[in-house]
Amino acid sequence: MQKWLPILWLCAWPLLADKYTGPRPPKPDLPYLIHADTLVPTESLEAKQDERRNEITYIIAGANSSARTPLASPAFLILTDQIQADRLQLFKLQSKGGQRQVLFTRRKKLVAHPIRLNVTRLGDNLYKVEVDEILENGEYSLTPADSNQVFCFQIY
């Protein structure tokens, strides 16, 4: 029996973990930038798909996002209803001609590569999404896979 005790302890450890007590997003399906105890909503928009000359580009209105963070490795909280947190992808955007865009494919080859994210479940439908690398200043977009919905933010 004593040799099973450590195994039982390891299995029970996640059940003993503390419950999340930080701020909670007021709206579901909208990622919020975490700034200490403050949540900053990302800019929720729809990207337009533009197909020309064997290229697919996604275009977002406006040159800059209204959601801004100084953090080079931002983290987000999202309360999910319809969006699956583990299907979110992060892309760097280019600002051109008063709009933001990402070149997705060229000659049927994938050009845009998603930036790695870590997703942690904090509670019922509550997830923390963390960027797994240091990002340079600029415009970025979280987007559910296979969707034109985008959640934009700027790192300054």
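**Reading a sheet and two loops**

Tutor: Arg53 lies in the loop between β4 (48-52) and β5 (55-61). Strands are DSSP runs (E, at least two residues), numbered from the N terminus. This is a predicted model: local features need pLDDT of at least 70, side-chain atom pairs count only at pLDDT 80 or more, and totals for chains, interfaces and linings use all residues. Residues are numbered from 1 along each chain as its sequence is written, and side-chain values use heavy atoms, without hydrogens and water.

Student: What is the phi of Arg53?

Tutor: Most residues other than glycine have a negative phi. Arg53 has a positive phi of about 45°. Ala36, in the loop between β1 and β2, has a positive phi of about 55°.

Student: Is Ala36 buried or exposed?

Tutor: Buried means under 20% relative accessible area, exposed over 50%, partly exposed in between (1.4 Å probe, protein chains only). Ala36 has 70%, so Ala36 is exposed. Arg53, at 71%, is exposed too.

Student: Which strands form the open sheet, and in what order?

Tutor: Two strands pair if DSSP finds at least two bridges between them. Here the order of the five strands is β2-β1-β7-β12-β11, with antiparallel pairing. The edge strands, β2 (38-41) and β11 (117-123), each pair on one side only. β1 (residues 32-35) and β2 pair over four bridges. His35 stands opposite Thr38 in β2.

Student: Where is Leu77, and what does Leu77 touch?

Tutor: Leu77 sits in strand β7 (residues 75-79). Leu77 is buried, at 1% relative accessible area. Contact means heavy atoms within 4.5 Å. Not counting residues up to four places away in sequence, Leu77 touches residues including Tyr20, Leu39 and Lys128. The C-alpha atoms of Leu77 and Lys128 are separated by 4.7 Å, with the residues 51 apart along the chain.
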